[in-house]
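The entries below follow the order in which I looked things up.

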Amino acid sequence: MNSAVLASCAIPVAFQPVQLMARRRGRVEPWMKNERWIDGSVRNDLPFDALRQMLNINHFITSQTNPHVLPLLTMSPAGPGLAAALVRAGGSVYRHASTQALDVLRRHAPGDRLRAQFDKAHGVYSQDYAGTDMHVQLPLRPRLFAKMLSNPSLQEFHEYTRMGERATWPLIPMIRDRTRLSRMFGNAIGMLMTRMAQAATSKAGRNPARRQRSEFTDD
């Protein structure tokens with residue numbers, strides 16, 4: 001529904017929190033009347049642990065376009081070489097130090113409002129925004145930050161689409177191989193479960209006959 005889309009776009013400070021609506025028995029009603037919702041990327045953008053536990057997911061294909069996330073991801077560039085390794089190390093140290101400092105501030109800052117702001121900043125810095133398996137890393141374009149709250153033109157839309165395609169193309173072989181392996185394992189597990197079920201059914205079908213012959217011999 002449109003309320004869910006609005007809530008997903010409700011960036012704190014820029015937009016007001018949104019009340020979610022639900023359809024019950026053919027009527028549209030508020031869902032959790034006393035709750036208001038904001039953009040989930042502030043708290044838990046990619047719930048890896050929950051998806052692993054609930055849906056048994058082992059591999060993730062992730063990408064990021066959030067303007068507050070891209071600068072953090074540029075601190076951990078992929079690729080070989082000493083320069084990239086040093087940038088990753090420096091970025092890791094910076095994120096860890098920032099997270100610890102924000103954790104202290106959110107606990108000891110004076111006033112509930114100030115503590116709440118530090119708590120949000122801590123949530124932004126402390127979470128993981130990219131999967132370790134396959135991540136589509138978009139390039140950082142500082143000039144686009146001025147346009148993030150405005151609707152793109154048709155030409156800009158095509159430019160953004162092309163930017164995403166260029167970032168995705170190098171990963172297509174890896175994504176294809178990973179998904180092929182996933183389907184292969186899924187089919188193998190399905191065949192194994194079917195054979196186990198057939199074996200259990202066959203065994204259960206033989207046991208009553210054996211019991212009947214044993215009882216007839218005893219009599």
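**Entry 1: overall**

I counted burial over the whole protein: 20% of its 219 residues count as buried. I take buried as under 20% relative accessible area, exposed as over 50%, and partly exposed as in between, with a 1.4 Å probe and protein chains only. The model is predicted, so I note that local features need pLDDT of at least 70 and side-chain atom pairs count only at pLDDT 80 or more, while totals for chains, interfaces and linings use all residues. Residues are numbered from 1 along each chain as its sequence is written, and side-chain values use heavy atoms, with hydrogens and water left out.

I listed the secondary structure next and found seven helices and four strands. In sequence order the pattern reads α-β-β-α-β-α-α-α-β-α-α. Helices (H or I, at least four residues) and strands (E, at least two) are DSSP runs, numbered from the N terminus.

**Entry 2: salt bridges**

I searched the whole structure for salt bridges and got three. The criterion is a side-chain nitrogen of Lys or Arg within 4 Å of a carboxyl oxygen of Asp or Glu.

In helix 6, Glu 165 and Arg 162 are separated by about one helical turn, because they are three residues apart. Their salt bridge has its closest N and O atoms 3.4 Å apart. Glu 165 is partly exposed, because its relative accessible area is 29%. Arg 162, at 40%, also counts as partly exposed.

Arg 24 is partly exposed at 29% relative accessibility, whereas Arg 27 is exposed, with a relative accessible area of 51%.

**Entry 3: largest pocket**

I looked up the largest pocket and read a volume of about 1,200 Å³.

I then sorted the lining by class: 20 nonpolar, nine polar and five charged residues. Ala, Val, Leu, Ile, Met, Phe, Trp, Tyr, Cys and Pro count as nonpolar, Asp, Glu, Lys and Arg as charged, and the others, Gly among them, as polar.

For the method, a pocket is an open set of points on a 1 Å grid over the protein atoms alone, where a 1.4 Å probe fits, with protein on both sides within 12 Å along at least five of seven lines; lining residues have an atom within 4 Å of a point. Grid points are joined across faces, edges and corners, and the volume is the space filled by probe spheres set on the points.

**Entry 4: nonpolar surface patch**

I found a nonpolar patch on the surface formed by Leu 181, Met 184, Phe 185, Ile 189, Leu 192, Met 193 and Met 196, with about 750 Å² of accessible area together. Patch residues have over 30% relative accessible area and no salt bridge; nonpolar side chains (Val, Leu, Ile, Met, Phe, Trp, Tyr) are joined within 5 Å, like charges within 9 Å. Areas come from the Shrake-Rupley method with a 1.4 Å probe, and for residues only the protein chains shown count as cover.

I checked Leu 192 in particular, which is found in helix 7 (residues 172-218). Leu 192 counts as partly exposed, because its relative accessibility is 49%.

**Entry 5: single residues**

Met 32 lies in the loop between strand 2 (27-30) and helix 2 (48-55). I read its phi as near 60 degrees, a positive value in a residue other than glycine. Most residues other than glycine have a negative phi.

Leu 149 is in the loop between strand 4 (134-137) and helix 6. I noted Leu 149 and Ala 14 as 135 residues apart in sequence and 8.5 Å apart in space, C-alpha to C-alpha.
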